[in-house]
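Good morning, colleagues. Please take a moment with the sequence and the model, and then we shall go through selected features together.

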Amino acid sequence: MTSLQEQLTQIFSQALVAALGSEFAETDPLVVPASNPKFGDYQCNVALPLAKKLKQKPREIAQQILEKVDVAGICLPPEIAGPGFINLAIAPEYLQAQLQALQNDPRLGVRPTPNPQRIIVDFSSPNIAKEMHVGHLRSTIIGDSIARILEFQGHDVLRLNHVGDWGTQFGMLIAYLREVHPEALTTADALDLGDLVSFYRQAKKRFDDDAEFKEISRQEVVNLQAGAEDSRRAWQLLCEQSRREFQKIYDRLNITLTERGESFYNPLLPSIVEELEEQGLLEEDAGAKCVFLEGFTNKAGDPLPLIVQKSDGGYNYATTDLASLRYRIEKDEAQRIIYVTDAGQANHFTQVFQVAKRAGWLPEAVEAVHVPFGLVLGEDGKKISTRAGDSIRLRDLLDEAVTQARSDLETRLQEEEREETEAFKANVAKTVGLSAVKYADLSQNRVSNYIFSYEKMLSLKGNTAPYLLYAYARVQSISREGNIDFEALDADAQIILAEDAELVLGKHILQLGEVLAEVERELLPNRLCQYLFELAQKYSSFYENCPVLKSEEPTRSSRLLLCDITARTLKLGLSLLGISVLERM
Ligand code: ARG
């Protein structure tokens with residue numbers, strides 16, 4: 001279905017031309033959601049800006065437009081209000097017919113995009129030998145949800161894990177392990193990842209303090225890059241070990257990714273530098289090869305460089321991103337490339353995109369976008385950390401969410417005097433705990449920092465995963481209570497929107513398509529969260545005001561259908577956030 005707003009825009013466009021002449025064919029009729037639900041659902045504002053041009057009163061213009069507008073079947077008769085707004089209220093019969101059509105539609109009325117694109121979402125992307133941290137958790141959760149929504153809209157999405165599996169860290173680590181744990185370089189799993197991370201820290205310290213060690217590390221990098229067999233083998237072992245640890249997190253969160261790490265682009269790096277040179281974009285600055293940027297200056301006002309080859313001949317993060325951007329456009333044929341990382345990398349991406357454009361690697365037709373997000377803060381308002389001040393391990397963070405969800409559940413069961421099996425409890429705790437973490441992250445505008453609070457995210461009240469899961473489970477409880485099989489509801493039963501609460505709920509359900517189209521454009525999953533939260537609230541007020549099982553036919557069947565469509569909308573929406581529902585909780 002094209003959205004209602006689009007449909008009305010078309011109708012008013014035609015009416016403008018019919019009323020005022022063909023020179024208004026390109027004029028946007030300014031059909032927008034009503035500023036206040038008292039005035040209806042939409043309003044057409046075009047008469048006001050036209051008044052000056054036409055030297056007429058806006059109300060008169062509105063009247064002329066209205067004479068040519070035919071919205072019968074969609075809206076109640078439109079009314080002119082105030083200085084010259086045209087107010088539009090959707091007709092209940094129209095809503096009823098639209099909702100009726102959702103009954104047998106698993107996509108709930110959302111049509112796949114007419115312009116499917118090849119889209120790359122670059123997300124998660126942790127670094128080998130370093131632990132995945134909360135920043136990577138945000139990237140993983142946000143990136144996955146964006147990918148799910150784009151896939152649902154009908155795009156061809158490649159989910160890429162741009163793992164940091166190359167670079168000086170390996171030189172350090174290999175050099176250090178050769179000294180203290182040589183067996184780790186030849187035997188798989190000689191160390192566990194926790195050790196690997198602490199070895200990396202120690203190696204880094206040595207590297208910073210000890211000039212001789214620094215030199216040995218450099219040599220290790222050179223060996224590795226030259227393909228020396230034992231260095232390669234050591235590198236592979238380290239990567240495999242990290243990869244297995246990352247995979248545990250992805251499995252737990254039900255996230256799929258294709259790994260294509262930085263090392264993949266290594267063979268392409270020299271040609272990046274060569275071509276920049278050929279194009280006359282390259283300059284030397286203190287021995288480093290770089291491109292001077294437009295719009296980035298130092299304090300003295302001189303342009304800043306983007307270094308693509310260091311004075312020691314090594315390449316860096318930016319060189320790799322130039323190579324990967326190019327590869328993704330030329331080989332993967334991506335039309336839109338989305339990078340999900342912390343906001344701290346915004347300059348990096350602006351610079352890389354600028355250089356790629358100037359080099360002709362990033363054509364106009366391809367959109368490269370950085371999707372930044374803010375920090376995760378502890379309840380003290382500072383960057384989240386353990387009591388000892390170390391960064392929190394993701395595994396521990398997820399474990400804690402599940403543990404607390406479990407203890408909330410036990411309390412609730414006691415209060416309600418319910419007995420449940422161990423399997424039930426474990427499953428509810430796991431689903432609620434992990435969903436709560438995901439939802440707490442997704443429901444914030446991603447650009448802002450947010451405070452990580454188990455208590456808030458696990459609360460059954462407010463804009464939280466448990467609240468939405470509970471709303472879903474409550475609808476399902478109606479089917480149990482009334483012995484009703486939602487899937488076998490009478491397909492001929494009519495949906496009747498008589499009460500206010502029914503109308504409000506019905507209208508909201510029909511906005512799913514508009515909301516998803518917006519997330520597809522703006523890449524802000526919090527809009528979908530807000531939509532689902534409001535859906536649950538509107539359902540709740542419907543449920544309070546409109547008895548379902550106790551009402552007479554045909555109202556009873558109509559309300560059961562509304563319950564079912566609400567539940568299916570919640571389930572679909574949550575699945576696009578990477579959250580699965582519980583039939584009972
Ligand atoms: N590994 C990087 C980090 O941990 C993120 C990589 C993001 N993707 C990219 N193409 N640069 O911050």
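This is a predicted model: local features need pLDDT of at least 70, side-chain atom pairs count only at pLDDT 80 or more; totals for chains, interfaces and linings use all residues.

Tyr-539 counts as buried because its relative accessibility is 2%; buried means under 20% relative accessible area, exposed means over 50%, and partly exposed lies in between, with a 1.4 Å probe and protein chains only as cover. Tyr-543 has a relative accessible area of 34% and is therefore partly exposed. Both belong to helix H19, residues 526-545, and, being 4 residues apart, they are separated by about one helical turn. Helices here are DSSP runs of H or I with at least four residues, strands are runs of E with at least two, and both are numbered from the N terminus.

Residues are numbered from 1 along each chain as its sequence is written, and side-chain values use heavy atoms, with hydrogens and water left out.

Let me turn to the aromatic rings. Rings of Phe, Tyr and Trp, the last by its six-membered ring, pair if their centres lie within 6.5 Å; planes under 30 degrees apart count as stacked, over 60 as edge-to-face, and the rest as tilted. By this rule there are 13 aromatic pairs. One of them joins Trp-166 and Trp-235, edge-to-face, at 5.2 Å centre to centre and with 85° between the planes. This pair links distant parts of the chain, 69 residues apart: Trp-166 is in the loop between strand E6 (156-161) and helix H6 (168-180), and Trp-235 is in helix H9, residues 229-253. Both Trp-166 and Trp-235 are buried. The pair of Tyr-539 and Tyr-543 is stacked, because the ring centres are 5.9 Å apart and the planes meet at 25°.

We come now to the ligand.

An N or O atom in the side chain of Asp-122 is 2.8 Å from a nitrogen atom of the ligand. For Asn-127, a polar side-chain atom lies 2.8 Å from a ligand nitrogen, and the side chain of Asp-321 likewise places an N or O atom 2.8 Å from a nitrogen of the ligand. Taken alone, the ligand exposes 350 Å², of which the protein buries 90%; these areas come from the Shrake-Rupley method with a 1.4 Å probe, and for residues only the protein chains shown count as cover.

Of its 14 residues, 11 are buried, including Asp-321 and Arg-326. The 14 residues, 317-330, should span 20 Å at 1.5 Å a residue, and the end C-alpha atoms are 20 Å apart, which agrees; the expected span is 1.5 Å times one less than the number of residues. At the N-terminal end, Asn-316 caps H11, with a side-chain oxygen 3.1 Å from the backbone nitrogen of Ala-318.

Finally, some backbone features. Most residues other than glycine have a negative phi, and most peptide bonds are trans. Ser-125, although not a glycine, has a positive phi of about 45°. This residue sits in the loop between strand E5 (118-122) and helix H5 (134-152), and is buried because its relative accessible area is 16%. Glu-333 also has a positive phi, of about 55°, and lies in the loop between H11 and E11; its relative accessibility is 56%, so Glu-333 counts as exposed. Lastly, a cis peptide bond, with omega about 0°, joins Glu-553 and Pro-554, and Pro-554 lies in the loop between H19 and helix H20 (555-575).

Technical notes: A polar contact is a pair of N or O atoms within 3.5 Å; within protein, one must be able to donate a hydrogen and the other to accept it, and residues adjacent in sequence count only if both atoms are side-chain atoms.
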